[in-house]
Amino acid sequence: MDNFFAAPTNEWNDNAVRLTPAGILTVAAVIGLLIIIALLMRYHQSRSRKITTRQLVFSAAAMALALVTSMIKLFEMPMGGSVTLLSMLFIVLIGYWFGPYAGLMTAIAYGLLQFVLEPVFYTVPQMLTDYPLAFGALGLSGFFGRQKYGLIKGYLAGVLGRYFFSFLSGIIFFASYAPETMAAPVYSLAYNGSYLGAEAVITLVLLALPPVSKALAQVKQMALEE
């Protein structure tokens, strides 16, 4: 692939490409469009309410915190994937606060933003699976916002959704990296489960602490205030 949007790179191997500046601008435009769609869906979901400045600020703050904490890596895997400082939680919170439509759209936009930070990929299907679909699954938390223990349930749903797409990418696009003694599905399950599972356990332990759960409940109340 060598065109206006992507050009060959030596960062991974001869088959990998990197977005050109024009490609990055295109993805940035898509991110902006997704955020606008998310806001419009939030509006139509509840016509009696206007999108408040408070909601915009809380969503932007959560996305910024997710981006910053994603760069603080407690452990990094050799071929991609890392245990970060609770970065997935901040994206999950947006869906938990404002529902599935805003949550999913914002999470997809965040996945594209992660891709822009390191815009190297093999094929478009691989890029879509690893970024907008995998990270977008974190927005599934929006379906649990009104349930008891909704944040914990939503977090688990989001992480499992991301795990599914990461596993799918592993067996479709990266099966050749599996050791000869291990089947590709097993390798993908173990590889992706190691870093996603470790971060999930750390996050769930923190969410189970009464002071943390109480503080997050107060934050949700502030986020939803008119």
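Reply: Helices are DSSP runs of H or I with at least four residues, strands are runs of E with at least two, and both are numbered from the N terminus. This is a predicted model, in which local features need pLDDT of at least 70, side-chain atom pairs count only at pLDDT 80 or more, and totals for chains, interfaces and linings use all residues. Residues are numbered from 1 along each chain as its sequence is written, and side-chain values use heavy atoms, leaving out hydrogens and water.

Now the loop. Leu 85 lies in the loop between β4 (82-84) and α3 (87-98). Leu 86 belongs to the loop between β4 and α3 too. How exposed is each one? The cut-offs are under 20% relative accessible area for buried, over 50% for exposed, and partly exposed in between, with a 1.4 Å probe and protein chains only. Leu 85 has 36% relative accessibility, so it counts as partly exposed. Leu 86 has a relative accessible area of 16%, so it is buried. Leu 86 also has a positive phi of about 65°, yet it is not a glycine.

Rings of Phe, Tyr and Trp (its six-membered ring) pair if their centres lie within 6.5 Å; planes under 30 degrees apart are stacked, over 60 edge-to-face, the rest tilted. By that rule there are 11 aromatic pairs. Phe 58 and Trp 97 have ring centres 5.6 Å apart and planes at 85°, so they are edge-to-face. The pair links distant parts of the chain: Phe 58 is in helix α2 (residues 53-70) and Trp 97 in helix α3, 39 residues apart. Both Phe 58 and Trp 97 are buried.

Another pair, Tyr 131 and Phe 135, is stacked, with 6.4 Å centre to centre and 20° between the planes. They are 4 residues apart in helix α5 (residues 124-136), so about one helical turn separates them. Tyr 131 counts as buried because its relative accessibility is 14%. Phe 135 is buried as well, at 10%. Ring pairs link Tyr 131 and Phe 135 with Tyr 110, Phe 115 and Phe 121 into a cluster.

Tyr 149 has a positive phi of about 55° and is not a glycine. It sits between α5 and α6 (150-173). At 56% relative accessibility, Tyr 149 is exposed.

Finally, step back. The protein has 8 helices and 5 strands. From the N terminus they run β-β-α-α-β-β-α-α-β-α-α-α-α. Of its 226 residues, 45% count as buried.
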